[in-house]
Amino acid sequence: MRHLIDIMDLSVKEIDELIDRAEDIIANPESYREKCRYKKLATLFFEPSTRTRLSFEAAMLELGGSVLGFSEAQSSSASKGESVSDTIQTVSCYADIIAMRHPKEGAPLAASLKSGVPIINAGDGGHNHPTQTLTDLLTIKRELGRLEGFTVGFCGDLKFGRTVHSLISALSRYENIKIVLISPEELRVPGYVRDEILKKNKIEYTEVGSMTDVMDTLDILYMTRVQRERFFNEDDYLRLRDSYILTPDKLENAKSGLKILHPLPRVNEISTAVDDDPRACYFKQVKNGKYIRMALILKLLSEVR
Ligand code: NCD
């Protein structure tokens with residue numbers, strides 16, 4: 001049985017196949033309407049979510065399956081002290097596949113060791129978020145037309161932003177990718193990302209403090225929210241939250257073909273005045289999230305023996 005805990009659990013070939021499948025679903029949605037008839041997806045969200053949970057649920061419903069689950073730890077027996085492992089052994093009795101989000105890094109991996117059905121990591125603390133990465137890769141492929149030979153700037157909370165960590169891992173396997181890390185000193189990428197991913201794979205990268213200084217070099221600008229829930233104290237959050245605010249004037253020197261991505265939710269970091277700029281792709285990204293999750297559900301269910 002296959003789980004998806006880390007984006008590196010999938011080979012580049014498998015990711016390419018998922019992207020092709022998602023594009024086929026976009027082109028021929030009718031032919032997928034019955035593919036998961038009588039199958040059930042459980043969404044176990046121990047942390048808040050709008051897009052990830054609802055796109056998983058919409059994905060399963062569009063495949064003809066059904067969904068069950070909970071959207072906060074408080075409404076599950078976790079609030080009575082039940083372990084993740086016991087919860088998973090229980091839900092495995094009811095569902096064919098599980099998407100799980102948890103504030104503790106590694107919780108979905110621990111769950112997968114006890115699960116009778118495939119587990120998908122829908123975000124674990126400040127660690128990883130592989131299905132957002134699949135969404136991001138599908139969006140880059142559709143918007144830029146390729147998954148190689150571009151410069152991507154990651155901007156904002158690169159320390160706690162799990163979508164950043166997973167996307168950097170994924171990009172380390174594609175050709176000729178340059179990475180610009182734009183953050184305040186305190187929110188730079190964790191050491192393991194710098195040493196085990198960027199340096200080890202000899203990825204060309206720079207770390208800078210100013211977004212506008214590097215804007216004209218970027219093909220993709222990946223904005224992120226400062227992750228308030230992972231801060232140890234509110235004062236640090238208040239000091240750092242508005243470090244970068246993308247407004248139309250900051251795009252003056254940007255390439256005309258720039259693609260602006262954001263996993264969302266946004267707070268202040270992209271002004272709504274940018275939304276009408278043709279370079280803004282974050283709502284297209286939301287839509288892509290449903291299709292790539294349809295492709296992933298089909299793949300993991302087809303590999304259950
Ligand atoms: C992200 C997450 O949960 O990590 N959102 C998402 O799943 N699209 C980003 C965030 O919360 O800032």
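## Ligand and cavities

R101 puts a polar side-chain atom 3.0 Å from an oxygen atom of the ligand, where a polar contact is a pair of N or O atoms within 3.5 Å.

| Residue | Distance to a ligand oxygen atom |
|---|---|
| R101 | 3.0 Å |

The protein covers 94% of the 320 Å² of accessible area the ligand has on its own (Shrake-Rupley method, 1.4 Å probe).

A word on the model: it is predicted, with local features needing pLDDT of at least 70 and side-chain atom pairs pLDDT 80 or more, while totals for chains, interfaces and linings use all residues. Residues are numbered from 1 along each chain as its sequence is written, and side-chain values use heavy atoms, without hydrogens or water.

Which residues surround the ligand? They are T52, R101, H129, Q132, R162, T163, R225, Q227, P263, L264 and P265, counting a residue as near if one of its heavy atoms lies within 4 Å. By class, that shell has three nonpolar, five polar and three charged residues. Domain 1 (7-129 + 288-302) and domain 2 (130-285) each give at least three residues to the shell, with bounds from an automatic or database assignment.

The largest cavity has a volume of about 80 Å³, which is the space filled by probe spheres set on the grid points. Its lining includes R51, S55, Y282 and R293; a cavity is a set of points on a 1 Å grid where a 1.4 Å probe fits but cannot get out, and lining residues have an atom within 4 Å of a point.

Notes: A polar contact is a pair of N or O atoms within 3.5 Å; within protein, one must be able to donate a hydrogen and the other to accept it, and residues adjacent in sequence count only if both atoms are side-chain atoms. Ala, Val, Leu, Ile, Met, Phe, Trp, Tyr, Cys and Pro count as nonpolar, Asp, Glu, Lys and Arg as charged, and the others, Gly among them, as polar. On a 1 Å grid over the protein atoms alone, a cavity is a set of points where a 1.4 Å probe fits but cannot get out, and a pocket is an open set with protein on both sides within 12 Å along at least five of seven lines; lining residues have an atom within 4 Å of a point.
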